[in-house]
Structures are given as structure tokens and as C-alpha cells.
Amino acid sequence: MDSATGSLSVRLRLRTGIPPHTDPNPRAHPPPIPGPISGERATEMRALLAQGAMALAVAPEANASSGGAVASPAGPLWWVSECHGVWYSLAVMLPSLAFVGFLAWQARRSFRRLSYGRSHVVVVAYYALLWAVAVLNLLWCFLQAWQCMPDRAFSWNVLSLLTKSGMLFLEVSLIAFLLQGNDANGFESLARTFVISGAVVAADVLLKAIYVFGFGVPLFIDAGQGTGGKWGLWILHKLVLTGVYGLIVFMHHSRWRDRLPAKPAYYNYVCAMLLLNGISLFGCFLVASGAGFGLWLYNLTTVCYHSLYLPLLYVTFLADFFQEEDMLLENVYYSEMKDAGFFDADWD
């Protein structure tokens with residue numbers, strides 16, 4: 001910018017008759033007063049002044065782009081480090097991608113087991129719901145950069161609302177299944193929880209939609225601390241879940257223990273979710289109090305929830321079902337082969 005201004009000054013001096021080099025002692029030798037400027041020369045001076053104004057206007061942008069300004073996203077993996085950073089993005093993306101890959105690898109065998117006549121329609125529905133939520137969660141993990149893009153705020157809010165609502169539906173349904181205790185008849189008892197779970201999730205979705213789209217609360221933007229209303233709602237949400245899981249743990253260590261399912265994996269699942277929601281609740285309290293460490297703690301629980309919850313759910317509730325179906329199918333195949341006479345030679 002200095003060189004452009006200097007060259008402009010020299011050109012003006014040459015046009016107006018003023019010498020380009022000033023005298024080292026201007027008081028002793030004052031510069032001559034220029035004579036009247038003709039119309040043609042005035043037009044040229046106005047053109048030069050216009051060029052100088054354009055140079056001054058362009059110069060700040062050039063300095064900003066070459067100085068400390070943030071450059072525009074570039075490179076094939078800019079979206080990985082755009083919002084939360086590389087490690088956060090990889091921590092949510094890789095486990096989610098691995099789980100969806102596992103479901104795809106097991107899809108053929110799972111469909112064959114579910115098509116077996118003993119499989120209840122509720123199990124089929126929950127497996128389909130697990131697939132849908134896993135795909136939504138994968139998109140949520142891979143599109144983290146939308147949080148920090150104002151033009152993508154609406155899309156990010158819609159995607160977050162659908163993803164978290166689907167995961168909450170699975171979570172509430174399994175809580176209701178556990179609270180039914182030993183009266184529950186396997187996976188078929190989940191059918192009685194569909195209406196209750198749907199009502200709870202519908203109320204949760206309505207409340208969050210009012211907060212996000214009605215009041216403009218950045219409920220799903222975790223890049224900053226946000227407002228007090230945001231953390232008040234999350235504190236209420238985590239407090240309810242922590243209380244429910246704490247109640248189940250209390251029942252396990254009380255005289256009502258026999259009313260809960262006896263499988264140890266269910267108790268381990270409840271303990272893991274109690275710990276996760278308790279830490280998340282503590283982080284929300286810290287953020288609401290103004291502590292920056294609380295946001296880091298809350299983001300840590302968010303990473304754990306979106307990357308590990310669905311695999312934990314599959315291992316706890318669906319893996320044994322598919323294993324049981326495998327044993328039944330093997331027994332059926334063995335009976336059919338035995339009836340067809342494939343093992344008669346062994347008995348001879």
C-alpha cells in the first residue's frame with residue numbers, strides 16, 4: 001500500500017509540475033506555486049486519484065489475506081478439523097464407521113436369522129431401527145463441520161434432532177424392558193413399550209424443536225458454551241436419565257432385585273449408562289456455572305455416546321438373540337438332514 005501511494009504521489013507531482021524530490025530544507029526554499037490547471041490535465045488528475053482510491057481499497061484485503069486472516073477451507077480433509085479438531089472428529093467417525101461396516105458384514109446372516117419363523121416382528125422392527133439410527137449417527141459424525149457453518153445451521157439441527165431422537169427411542173425402550181423385570185417374556189415384551197417410548201420421545205422432540213426453531217437456542221452446537229437456556233434443558237435431560245439408571249442400580253442392590261432380569265450383561269449396561277449420564281450431568285453443571293472444563297467434559301461424553309452406545313446396545317441385547325437363532329437353525333438343519341438319511345451310514 002505504501003509503494004502504491006508513493007508512486008501515485010510522484011505521478012501527481014510530475015503532472016502538476018511539482019518536482020518529485022523535495023528539498024531537504026523546505027523553509028529555505030519553498031516550492032513554487034503551480035499555475036492554473038487546464039481541463040485536460042484536471043481530467044487526468046481525477047483519473048489518477050480514482051486509481052489511487054481503488055489501490056487503497058484493495059490493499060487492506062490483500063494485507064488481510066497475506067497476514068493473519070483465516071484462509072478459506074482447502075484440502076480434501078478440511079472438514080475433519082474444521083470445527084472440533086482432528087482428534088474429536090476421528091474419535092466419533094471411526095467407531096461409527098466400524099459399527100456400520102460390521103452391521104453390513106453381518107447383514108446377510110442377520111436377515112436369514114430374522115426370516116426364521118420364530119423371530120418376532122418386534123425384533124425385526126428393532127433391528128431395522130438400529131440400522132436406521134446407525135446410518136443417521138454415521139452421518140452426524142461425518143458432518144461435524146456443519147456446526148461451525150452458519151449456512152448449514154438448519155440442516156445440522158434437523159440431522160441432530162433425528163439422530164438423538166432415534167438413539168433416545170432405543171434407550172427409553174430398553175429402560176422400559178428392564179423395568180418390567182422377570183415378568184418380561186424375552187424380546188416380545190418390547191412390544192408393550194412401543195407406545196410409551198414413542199410418547200416420551202415425541203414429547204422430547206417437541207420440546208427440543210421449540211427450543212431450537214422457536215427460540216433460536218443453539219441446542220446442538222457444541223463448539224461454544226452457548227446460553228443458559230441450552231444448558232438448563234440438557235441438565236434436565238441428563239438428570240432424568242441419571243435418576244432412572246440410578247433407580248435400576250438401587251433396585252439391583254435391594255430386596256427388589258428379583259424383579260429385574262438376572263442376566264449380568266443388563267446390569268453392566270445400566271452401570272455404564274449411569275456413569276456416562278452422571279459425568280455428562282456434571283459437565284453440564286460446570287458449563288452452566290461458567291467453567292470451561294465442563295464443556296470439554298460434556299464433549300467427551302458426547303463422543304463416547306455417539307461412538308460406543310450403539311455397539312454396546314447390540315452386544316448387550318441383540319448378539320445373544322442372533323446366537324440363539326443360530327443354534328436353533330443348526331438344530332433345524334440337523335433334523336432335516338437326519339430325516340433325509342444323511343447320517344444313516346454313521347449308525348451302521
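This is a predicted model: local features need pLDDT of at least 70, side-chain atom pairs count only at pLDDT 80 or more; totals for chains, interfaces and linings use all residues.
A residue is taken as buried when its relative accessible area is under 20%. Trp234, at 3% relative accessibility, counts as buried. The rings of Trp234 and Tyr298 have centres 6.4 Å apart and planes at 50°, so the pair is tilted. This pair links distant parts of the chain, with Trp234 in helix H8 and Tyr298 in helix H10, 64 residues apart.

Phe220 and Trp234 form an edge-to-face example, at 6.4 Å centre to centre and 70° between the planes. Phe220 lies in the loop between helix H7 (194-214) and H8, while Trp234 belongs to helix H8, so the pair ties together parts that are 14 residues apart in sequence. Phe220 is likewise buried, at 3% relative accessibility. A cluster of ring pairs joins Tyr266, Tyr269, Tyr305, Tyr309 and Phe317.

Helix H8 (residues 228-252) also carries Lys238, which sits over the face of Tyr305 at 5.9 Å from the ring centre. Lys238 is buried but has no salt bridge, and the nearest side chain of opposite charge, Glu171, is 7.1 Å away. Among the residues that Lys238 touches are Asn277, Ser280 and Cys284.

Turning to nonpolar packing, the largest core has 41 residues, and Leu178, Tyr269 and Tyr309 are among those with the most contacts inside it. Elements giving two or more residues to this core include helix H6 (153-179), H8 and helix H10 (292-339). Apart from this core lies another, of 22 residues, including Val92, Met93, Leu219 and Cys284. Leu178 touches Tyr266, Tyr269 and Phe317, among others.

Definitions and conventions:
Residues are numbered from 1 along each chain as its sequence is written. Side-chain values use heavy atoms; hydrogens and water are left out. Helices (H or I, at least four residues) and strands (E, at least two) are DSSP runs, numbered from the N terminus. Buried means under 20% relative accessible area, exposed over 50%, partly exposed in between (1.4 Å probe, protein chains only). Lys and Arg count as positive and Asp and Glu as negative; His and the chain ends are not counted. A salt bridge is a side-chain nitrogen of Lys or Arg within 4 Å of a carboxyl oxygen of Asp or Glu. Contact means heavy atoms within 4.5 Å. A nonpolar core is a set of buried Ala, Val, Leu, Ile, Met, Phe, Trp, Tyr and Cys residues joined through side-chain atoms within 4.5 Å. Rings of Phe, Tyr and Trp (its six-membered ring) pair if their centres lie within 6.5 Å; planes under 30 degrees apart count as stacked, over 60 as edge-to-face and the rest as tilted. A charge sits over a ring if NZ of Lys or CZ of Arg is within 6 Å of the ring centre and within 35 degrees of the ring normal. Lists of a residue's contacts leave out its neighbours within four places in sequence.
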